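Here is a short note for a first look at this structure.

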Amino acid sequence: MKIDTSKKNQSNYLNELLNDKNPKYFSKSYSGNYAALITSSICPVAIDIEKKKPLTHEQIDVFISFMFNHRDCISYSKIQQENFFKLWGIKEVYSKYFGEGLYIDFREISIEQDKFNSYRVAYKNKNHVTVKIIEQNNYVVAYICNHFRGEK
């Protein structure tokens, strides 16, 4: 039996879940054959899922100019490409969390890994939040809930 993993089917399924739960805060994301959903009744949340895939030099050049600065240290190596999807997920989930989408200047989003293997993220050194990462089966999931370690 083949499972329908189209974005339309994923969206319909997530919308059914949201209608059943009726959460105050929610975020959803799609990539490849997977969809991700995070909900909360007490705090704002955001989620992003990215499938790791090989990138051409041209794609990397476009992404670098759009969202990375010299502090992010992206290069063409395979190791850095794996790091790329983590950085992209962190920056995208941050922009979703504040409702900015792709309108925020991704180059101005700073990322610092902390001792808890989480990431402190800010825009122009303001609006600090903690982003958590899960990496599994060639996917990166980044998510935010503002109650991490007492943040508001």
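1. A term to begin with. Two strands count as paired if DSSP finds at least two bridges between them. The model discussed here is predicted.

2. The sheet as a whole. In general, strands of a sheet pair through backbone hydrogen bonds.

3. From β4 to β5. These strands run antiparallel, and five bridges join them. Look at I111: V121 in β5 stands opposite this residue. The two strands form a hairpin, with five residues between them. In the turn, N117 has a positive phi of about 60 degrees.

4. From β5 to β6. How many bridges pair these strands? There are four, in the antiparallel sense. β5 covers residues 119–123, and β6 covers residues 126–136. Y119 faces V131 in β6 from the opposite position. Y123 stands opposite K126 in β6.

5. The second turn to check. The hairpin of β5 and β6 has two residues between the strands. Here K124 takes a positive phi near 50 degrees.

6. Then find the positive phi of N117 in the β4 and β5 hairpin, and that of K124 in the hairpin of β5 and β6.

Notes:
Residues are numbered from 1 along each chain as its sequence is written. This is a predicted model: local features need pLDDT of at least 70, side-chain atom pairs count only at pLDDT 80 or more; totals for chains, interfaces and linings use all residues. Side-chain values use heavy atoms; hydrogens and water are left out.
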